[in-house]
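This report describes a protein model for a reader who has not seen it before. The sequence and structure come first, and the description follows.

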Amino acid sequence: MDFENYYEISLVADFIIAHNFSRVALQFPDELLKDSRKVVSALRQELHRPLQNSDESRATAKLYVMADTTYGSCCVDEVGAAHVKADCIIHYGHSCLSPTTTIPAFCVFGKAPLKASNCAESLYNYGVKSGKPVLVLFGLEYAHGMPDIKEALNVEAMRFHDSNSGFQIHFANVTNSVITPSASMKLENRHLMLNGEQDNNEDSSQKTDTKFRLGGLGWSLPEGHRTEDYLLFWIGLDNSAFSNFILTFNSCEIVRYDAIEGCLKTDVSQQAKILKRRYYLVEKAKDANMVGILVGTLGVAGYLDMIHQMTELVTRAGKKAYTFLMGKPNPAKLANFPECDVFIYVSCAQTALLDSKEFLAPIITPFEALIAFNRGSQWTGAYSMEFQDVIASQPAEVEDETESRFSFFQGGYVEDFKLQEGKEEKDAVLSLVNVTEKALLLQNKETELLSRRDAKSGAEFFAARSYQGLEIHSSDSFPEPFLIGRTGKASGYEDEQIS
């Protein structure tokens, strides 16, 4: 596949010209950054191509290359684009297609190699064997191959038409390659799955008013049908997008066609264990006293509402909430806040699942936080990582908070902390001082040591720590004379004698 076709040079240039963008940011993931210079050169050549019967160029847009994204590479980096005051972002590579807040974006998914005939044969044989209708889902980088797979499926169906005429199959579509920050912006709607055209192969007389959307894909099923009634056939890699589908449709039969190896993976038991792991983290989060809310995106629409909702949820549950903005989280960063028993990661759906085994405290999603901190809520098996679903969900009916709660980890009934004891302080600073002073007075008179108990706030936790940073115990207000340290390299300082 040629370079310009892979990176959709002509489509991107037409999009920029159609909307008269003057400052365009090009966002590349790490694996595609090596092609950024060639993409910029090809785009400039296409944009500056003279108009017909004229010496004027088509556009004069300035192009800026962005690397090392603020958060996940699948999200549109509005923070990085704001540094160059860009009015549009061209996003290359895998995308979660999360709606943006301020800047429109055009997504170029790329075209990963796919053996259409081999995939169609595996799809047809396994679908007929299962006896269920099939719903085909795929990674966005394989959307270009769906027309070839449909053509190959017609050939397979003709071979076995007499014995397997009842075989039913539905294909998902890419919802849109253009991300608009608001409904008021009139940007062109493009469907990339079928070379820019809608799927016209379905029976138009059949009602398809049951519509679904997830992970940048959308599909319609006959009236009254559910996705759970179908065999889900995933074409692509075992990545975050696939994990999102497994968790959301955990009651469905799912198989995966590995496009790299060219074979069918019917055993997804390892991926199914993710759900058990998430339930374990939910139960562990219920015993938390202090909760950290990690900001994992500054561009996905609705992230501020999600943060406010999580803060209210944690506070209503009688726990202390702290908000952290630290870019991409890692174990070293979060280890600086050992007072937090659990973290809620507010990010896009495809970066929300962090493997917290290396972290000191578990990291859960907003949906899991709703289950953990809503007294009386029970997990039915349904799962969602989309902002819109979590924000729209209603909190469960709160049980009597005076009753004890059973903890699976502590092996008995426990009482949750009540942070608001007595009247609330009107002055936030005075309230913090009172909490710290109360923590310092919690001493055992015989041993003069702080009593061992769980802290209610970060200030109380800090007061109970044996090391609280550098302290100067001196009545002299004058600074001490400075000392000249050692100079040179660690392998051999200048004042050392080399033997």
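## Phe387 and its surroundings

Phe387 touches Thr297, Val300, Ala301, Gly302, Tyr303, Met306, Val346 and Ser347, leaving aside residues up to four places away in sequence; contact here means heavy atoms within 4.5 Å. Phe387 lies in helix H12, residues 387-392. Helices (H or I, at least four residues) and strands (E, at least two) are DSSP runs, numbered from the N terminus.

Phe387 is buried, with a relative accessible area of 6%. Buried means under 20% relative accessible area, exposed over 50%, and partly exposed in between, with a 1.4 Å probe and protein chains only. Phe387 and Phe367 are 20 residues apart along the chain, and their C-alpha atoms are separated by 8.9 Å.

## Basis of the model

The model is predicted: local features need pLDDT of at least 70, side-chain atom pairs count only at pLDDT 80 or more, and totals for chains, interfaces and linings use all residues. Residues are numbered from 1 along each chain as its sequence is written, and side-chain values use heavy atoms, with hydrogens and water left out.

## The protein as a whole

The protein has 499 residues, of which 44% count as buried. Its secondary structure contains 14 helices and 21 strands. Among contacts with a separation of 6 or more, 66% are between residues 24 or more positions apart.

## Helices H9 and H11

Helix H9 (residues 303-316) packs with helix H11 (residues 366-373) at an angle of about 20 degrees, and their axes are 10 Å apart. That makes H9 roughly parallel to H11. Axes are lines fitted to C-alpha atoms, for helices over the stretch in contact, and angles run from 0 to 180 degrees between N-to-C directions. Angles under 35 degrees count as roughly parallel, over 145 as roughly antiparallel, 65 to 115 as roughly perpendicular, and the rest as oblique. The crossing of H9 past H11 is left-handed; a crossing has this hand if the near helix is turned anticlockwise from the far one by less than a right angle, and is right-handed if clockwise.

On the H9 side, the residues in contact are Met306, Gln309, Met310, Leu313 and Val314, and they meet Pro366, Ala369, Leu370 and Phe373 of H11. By class, the contact of H9 with H11 has eight nonpolar, one polar and no charged residues. Ala, Val, Leu, Ile, Met, Phe, Trp, Tyr, Cys and Pro count as nonpolar, Asp, Glu, Lys and Arg as charged, and the others, Gly among them, as polar. H11 is mostly covered, with eight of its eight residues buried. These are Pro366, Phe367, Glu368, Ala369, Leu370, Ile371, Ala372 and Phe373.

## Helix H2 and its cover

In helix H2 (residues 9-18), the buried residues are Ile9, Val12, Ala13, Phe15 and Ile16. They are on the same side of H2, because they cover an arc of only 160 degrees around the axis; the arc is that of the directions from the helix axis to the C-beta atoms. The cover over the buried residues of H2 includes helix H1 (3-6), strand S1 (23-27), helix H3 (36-47), strand S3 (88-92), strand S4 (105-108) and strand S8 (178-179).

The axes of H2 and H3 come within 9 Å and cross at roughly 55 degrees. That makes H2 oblique to H3, and their crossing is right-handed. H2 contributes Ile9, Ser10, Val12, Ala13, Ile16 and Ile17 to the contact, while H3 contributes Val39, Ala42, Leu43, Glu46 and Leu47. The classes in this contact of H2 with H3 are nine nonpolar, one polar and one charged.

## Two loop residues with positive phi

Asn20 is placed in the loop between H2 and S1. Phi of Asn20 is near 55 degrees, a positive value in a residue other than glycine. Asn20 is exposed, with a relative accessible area of 69%.

Asp68 is placed in the loop between strand S2 (62-66) and helix H4 (78-83). Although Asp68 is not a glycine, its phi is positive, at about 55 degrees. At 61% relative accessibility, Asp68 counts as exposed.

## Lys320

Lys320 is found in strand S15, residues 320-324. With a relative accessible area of 33%, Lys320 is partly exposed. Lys320 and Met290 are 30 residues apart in sequence and 4.8 Å apart in space, C-alpha to C-alpha.
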